[in-house]
Structure formats: structure tokens, C-alpha cells
Amino acid sequence: MDAVISNFDEYLKAFGLTIGLFVVSGIASLVLGTILAVLRVGPVSILNKAAALYVTLFRNTPLLMIFVFIFIAMPVLGYNFKVVENIEIAGYNVSAFFFRACLALTLYTSAFVCEAMRSGVNAVPLGQAEAGRAIGLTFAQSMTLVILPQAARAVIPPMTSVMIALAKNTSVAAAFGLAEATATMRAFTNNNADQRIGIFLAFAIGYIIVVEVISLSSYLVERKVRVAR
Amino acid sequence: MTAQESGTVSAGRGEPLVVLDGVQKHFGQLHALKDIELTVKRGEVVVVIGPSGSGKSTLCRTINRLETIDEGTITLDGKDLPQEGKALAALRAEVGMVFQSFNLFAHKTILENVTLGPIKVRGMGKAEAEKKARELLDRVGVGHQAEKYPAQLSGGQQQRVAIARALAMEPKVMLFDEPTSALDPEMIKEVLDVMVDLAQQGMTMVVVTHEMGFARTAADRVVFMADGAIIEENTPEEFFTHPRSDRAKDFLGKILKH
């Protein structure tokens with residue numbers, strides 16, 4: 001444990017990167033996944049199929065392969081995403097590594113978000129959509145004003161699981177040059193082979209804290225938005 | 001007091017508002033609507049009755065295209081029903097619908113349920129929409145519940161809110177799809193009272209119901225359906241006292257004995 005305590009700033013930085021990956025790809029997959037879910041339940045057949053194909057493709061592919069594709073295959077094809085390094089946010093430059101990792105995590109996670117969201121949409125009684133249509137709401141309006149707000153409530157428990165999986169999946173980025181928690185743990189154990197157990201414990205506790213914060217916030221949100229039927 | 005006696009509605013007056021012509025509808029093998037011809041005139045109250053599975057709810061739902069039809073035409077105020085998209089949404093805004101299961105928006109307050117359509121579809125200002133919504137809620141007798149959520153109200157109250165929600169769009173015609181079938185007996189009257197009131201104020205209404213009392217009191221015309229077809233149309237008085245078809249005699253015999 002000494003190795004962690006004496007290098008605590010590195011430990012925090014590593015989890016900072018883990019949380020950064022989680023937050024950015026979490027928000028992006030919630031947005032993309034919700035759009036996909038709307039397309040899947042929407043009235044346009046070609047969009048239904050496109051969204052279903054997306055889900056099939058990315059949900060059935062191991063996350064590691066998506067990482068390999070984006071980090072190794074895409075640069076060969078001429079897409080290295082170096083252009084994002086010119087973007088500066090709050091004094092920090094976005095690294096192409098960070099962008100690629102978020103892209104891979106988002107592509108993968110949004111397929112799961114889509115399906116969780118769709119289960120939520122299906123949990124909203126059909127009569128709600130009919131009532132929305134009956135007062136003249138368009139499909140988009142009845143989705144955003146009536147269905148999704150109610151679906152979101154039903155969807156919090158499964159969505160929490162998806163988000164927790166995402167938080168842990170960020171560790172795959174360790175293999176692709178990002179010094180997030182898992183990569184940093186490996187570096188620590190390499191340098192302090194005698195303290196492996198302590199280092200493992202310290203990082204395990206770090207992950208547990210991150211995940212507990214996610215599930216606690218989801219519990220609070222769930223309690224706040226509970227709807228009576 | 002019947003609708004006729006009240007003098008605000010009279011059968012036979014007014015131009016055709018809803019016209020169904022040669023409407024056919026299948027659910028797989030089931031021929032749900034068979035060659036339906038029906039004209040509802042402005043200000044008229046048409047009650048559709050018949051045994052369950054006779055297609056009366058389906059008929060009601062085709063009028064605002066919650067059910068599509070296979071053949072035939074439906075016109076509202078002389079215009080064909082649009083197929084889909086914005087034009088269809090605009091049409092539905094003109095047709096009020098009250099469902100058997102109320103279908104109030106569960107995540108919105110009573111007031112928000114009533115103002116949603118006027119604000120989002122008609123582009124009305126929030127203050128104006130709320131003022132109007134409160135008037136409508138008062139009119140159906142649930143004004144004091146405006147800040148509550150649907151689940152906090154009784155079934156009868158919810159259904160009256162649903163009527164107010166539909167009225168807030170100032171529809172040309174109101175469709176009622178078995179509005180009292182999910183209600184406890186003591187709540188049926190409060191909903192029917194609101195409907196009778198509406199009928200007397202001249203609202204054009206198509207009502208699918210099992211409430212024969214309502215049909216006698218408020219209807220200008222009774223349409224009897226069985227097996228997806230319209231078997232008989234008549235004034236309530238004639239229909240209930242001298243049904244012409246055997247199906248209608250049989251049906252009335254079953255429901256009026258008790």
C-alpha cells in the first residue's frame with residue numbers, strides 16, 4: 001500500500017482519467033442510445049432496421065475488438081483522429097487517445113443504452129402514446145413529452161447496470177496507451193512487485209467507490225422521479 | 001331532459017361532419033369492419049352499441065386514425081383523413097378522444113394534462129392555456145384537483161379530466177370509446193352527467209357505450225353493430241322499443257332483462 005500512498009497524486013490522476021472516460025462516453029452513449037431507441041420504435045421502417053443493425057453489430061462485438069478496430073485499423077485506413085488534439089477545453093488539450101477510447105466505449109455502450117431505453121419505452125402503456133396522438137402531438141412530440149419522460153423512470157435500474165458496466169469497461173483503454181486506473185495499477189505493481197496485494201486492494205477500492213457513487217446517484221434519481229400509476 | 005327537448009341539438013339538422021364510406025378493416029383473418037357507411041352530422045350525438053367484438057371500438061378509433069383502414073374513405077368536415085405526418089397530427093387535434101382506460105399522462109399534473117395540447121399543438125401561451133384549463137376542469141367538476149397527479153384521483157375524476165383534456169383542443173367532434181366501462185358503478189353517473197351536458201351544448205359526439213340509459217337520454221341516433229357490420233340505425237326510442245333485426249332483439253333481450 002505504501003507505493004500507492006507515496007504516489008497518491010498519480011493514483012488520483014489515474015482515477016481522474018477513468019472518471020473522465022466514464023463521464024464523456026456515458027453522456028455520449030446516453031444521447032446516442034436514446035436516439036437509436038427512438039429510431040427503433042419509430043414509424044420509419046428503414047430507420048428501425050438501421051438502428052436494429054447497429055445494435056446487433058455493436059452489442060455482439062467484444063469491446064476489445066472495437067478498441068482494436070479504432071486504435072489500430074482506423075489509423076491504417078487514414079482515420080487517426082489527430083485533429084481533435086487541436087481542440088482545447090478548459091486549458092486541456094483532448095488527446096487522440098482519449099477521443100478514440102471514448103469513441104470505442106460510446107459505440108459499444110450506446111447499443112446497450114438503446115436496448116435498455118427500448119425496454120423502458122415498452123414499459124409505458126400504449127394508451128399513453130395513443131392519448132398523445134389523440135390530442136394532435138406529432139411522433140417526435142409524443143416521444144419527448146410523453147413517452148421518454150415516463151420511460152426514463154422505468155429505465156433507471158437497467159440503465160444503472162449499463163453505466164456501471166461502462167465504468168468498469170473503461171479499463172480496456174489501459175491496453176491502448178491511456179494511463180487510467182488499470183494501466184496505472186499495472187505500472188505500480190511493476191515498480192513495486194513486493195506490494196502487489198496492497199496495490200490491488202487500493203485500486204479495487206477506487207473502483208468500488210466509483211461504482212458506488214454511480215449506484216447511489218441512480219438510487220437518488222429513482223426516488224426523486226418515481227411516478228405513481 | 002333529452003337532447004331533443006333541450007333545443008340546442010336537433011337530429012337531422014346540420015351538414016355532414018364525419019362521413020365513413022365503404023370502410024373495410026381486417027385484423028389478420030378477422031373482418032373487423034364490413035363495408036361501413038355512416039354519416040355523423042354537426043351537432044349530432046350518435047351512440048354505437050353492440051356485443052363485444054362487434055367492431056364498435058374499432059369503428060370509433062378509425063375516425064381519428066388510431067386504426068388504419070384497408071378500404072373505403074373517411075372524411076372529416078369534407079376533407080379526407082391524411083395518411084400520416086403533420087397533417088394527421090393536425091387532424092387529430094380537431095378530433096377529441098376519450099378512452100376506456102382514461103390514459104391521462106401519468107407523469108404530469110391534472111392541469112398539465114389539460115394544457116399540454118393547447119400549448120404544444122396550438123401554440124397557446126402558458127397563462128392563457130392554464131386559465132382555459134381551469135375553466136374546463138371547473139366545468140367537469142375537478143377544478144380543485146388541478147395540482148394533483150392522475151393516480152391520486154378516482155376513476156370517475158380521471159375520466160372527467162380526460163374529457164376536459166380533449167375539450168381543451170376545441171375539437172369539432174368528440175369520440176368516446178367505452179368511457180364508463182372501466183368505472184365503478186357509483187362513478188359512472190358523474191361521467192355520464194358531463195357527457196349529457198356536452199351533448200346538450202351541441203357537441204358532435206360519437207359514443208361507444210354499454211350505457212343504454214345514456215343512449216336513451218342523450219342520443220339522436222343509435223347505431224347497432226354486430227360482427228363488424230352496422231345492422232340497424234334508428235332513433236333511440238324506436239330502437240329500444242321496436243328493434244327490427246333479430247340480432248338487435250337478441251342483444252336487447254340479453255341486456256335489458258335485469
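User: Does A:Phe67 count as buried or exposed?
Analyst: This is a predicted model. In it, A:Phe67 has 0% relative accessibility and therefore counts as buried, the limit being under 20%.

User: Where is A:Phe67 placed, and with which residues is A:Phe67 in contact, leaving aside neighbours within four places in sequence?
Analyst: A:Phe67 belongs to helix α4 (residues 63–76) of chain A. Its contacts beyond those neighbours include A:Ala101, A:Leu105, A:Val172 and A:Phe176.

User: On to rings. How many aromatic pairs are there over all chains?
Analyst: There are 16. One of them joins A:Phe15 and A:Tyr207 edge-to-face, at 5.3 Å centre to centre and 75° between the planes.

User: Which parts does that pair tie together?
Analyst: A:Phe15 lies in helix α2 (residues 8–41) and A:Tyr207 in helix α9 (residues 196–225), both of chain A, so the pair ties together parts 192 residues apart in sequence. Both residues are buried.

User: Now chain B. What is the strand order in the open sheet of four strands?
Analyst: The order is β2-β1-β4-β5, with antiparallel pairing. Strands β2 (30–41) and β5 (79–80) of chain B each have a single partner strand, so one side of each is left without a neighbour in the sheet.

User: Which residue stands opposite B:Leu76?
Analyst: B:Lys79, in β5(B), stands opposite B:Leu76.

How values were computed:
Residues are numbered from 1 along each chain as its sequence is written. Chains are lettered from A and ligands numbered from 1 in the order in which they are written. This is a predicted model: local features need pLDDT of at least 70, side-chain atom pairs count only at pLDDT 80 or more; totals for chains, interfaces and linings use all residues. Side-chain values use heavy atoms; hydrogens and water are left out. Two strands pair if DSSP finds at least two bridges between them. Helices (H or I, at least four residues) and strands (E, at least two) are DSSP runs, numbered from the N terminus. Buried means under 20% relative accessible area, exposed over 50%, partly exposed in between (1.4 Å probe, protein chains only). Contact means heavy atoms within 4.5 Å. Rings of Phe, Tyr and Trp (its six-membered ring) pair if their centres lie within 6.5 Å; planes under 30 degrees apart count as stacked, over 60 as edge-to-face and the rest as tilted.
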